[in-house]
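Colleague: Could you walk me through this one? Start with whatever term I need before we get to particular residues.

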Amino acid sequence: MGVPFEALIPYGIIVAMFGVTGIGLSATKYLGNEGKAARWNRDTWDKVMMERDLRITGTLRGQYGGVEAPKGFEVSNPWKVEKRIF
Amino acid sequence: MSHRQAQFNQHVLVDTTPMPDHIPKVEEIGTTSAPLMSAAYFIGDRCKAFNDDYMKCKAEANGRGELECLKEGRKVTRCAASVIKDINTNCLKQFNAHWECLENNNHHLFECRKAEMDLNQCVFDKLGLKKTIPDTPENVVPVHLRAKQLYSRFPGPQW
């Protein structure tokens with residue numbers, strides 16, 4: 001008493017769809033962190049420092065151990081602006 | 001309110017006007033977060049006097065510290081740059097190993113004690129800078145010298 005193959009098609013679809021989301025999410029995480037372990041539980045200081053890394057290296061996860069800042073670094077500091085409510 | 005982030009801060013203002021000519025120039029430090037974290041205690045060891053001087057100046061300037069403490073600020077920048085330059089020339093291998101470990105472990109110092117011990121040893125031998133955690137009680141082992149790191153991924157003996 002064999003199982004008809006039509007009964008297995010939905011399972012194939014379920015496995016494929018979960019696979020697509022899983023692989024897609026892990027690929028996004030891997031590429032977004034440039035192959036390093038993701039940062040977690042970041043506070044304001046960490047976020048500000050990562051924005052500074054972005055200004056120095058061009059990516060949020062890029063790191064540079066030397067002293068010399070890239071050209072124009074001293075004037076690229078952004079001021080956060082907000083509209084006055086009153 | 002320095003601890004509060006601006007709300008709805010889509011607007012960013014980048015002012016590309018350079019500093020006026022009558023203010024002496026200083027090279028900004030281009031080191032990123034993980035190497036700075038790694039070198040922090042050595043910067044603190046060599047530059048404590050300059051840093052304290054700057055903080056005192058700012059505290060006494062009644063909110064005009066950004067303008068009036070530029071001279072002290074330049075000293076702070078130059079001192080930190082000298083420390084990082086010295087570490088890079090003398091202990092590049094250990095320094096790179098430590099900050100790459102930090103970068104892979106969410107900048108948690110307690111995950112990288114082995115690399116940190118090597119770096120501390122090298123920096124102490126070559127530059128004479130020692131990592132001390134301020135206000136550690138006399139009768140306890142400082143946390144970075146404990147063999148077991150309770151909260152790290154591998155809590156057993158670290159080296």
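Modeller: Buried here means under 20% relative accessible area, exposed means over 50%, and partly exposed is in between, with a 1.4 Å probe and protein chains only. This is a predicted model, in which local features need pLDDT of at least 70 and side-chain atom pairs count only at pLDDT 80 or more, while totals for chains, interfaces and linings use all residues. Residues are numbered from 1 along each chain as its sequence is written, chains are lettered from A and ligands numbered from 1 in the order in which they are written, and side-chain values use heavy atoms, with hydrogens and water left out.

Colleague: OK, is His107(B) buried or exposed?

Modeller: His107(B) counts as buried, because its relative accessibility is 9%. His107(B) sits in the loop between α4 (92–104) and α5 (113–127) of chain B, where helices (H or I, at least four residues) and strands (E, at least two) are DSSP runs numbered from the N terminus.

Colleague: And what is phi of His107(B) like?

Modeller: Phi there is near 55°, a positive value in a residue other than glycine. Most residues other than glycine have a negative phi.

Colleague: Which residue in chain A has a positive phi although it is not a glycine?

Modeller: Asn41(A) does, with a phi of about 55°, and Asn41(A) lies in the loop between α1 (9–32) and α2 of chain A. Asn41(A) is exposed, because its relative accessible area is 66%.

Colleague: Switching topic, where is Glu74(A)?

Modeller: Glu74(A) is in the loop between α2 (44–57) and β1 (78–81) of chain A, and Glu74(A) is exposed, with a relative accessible area of 51%.
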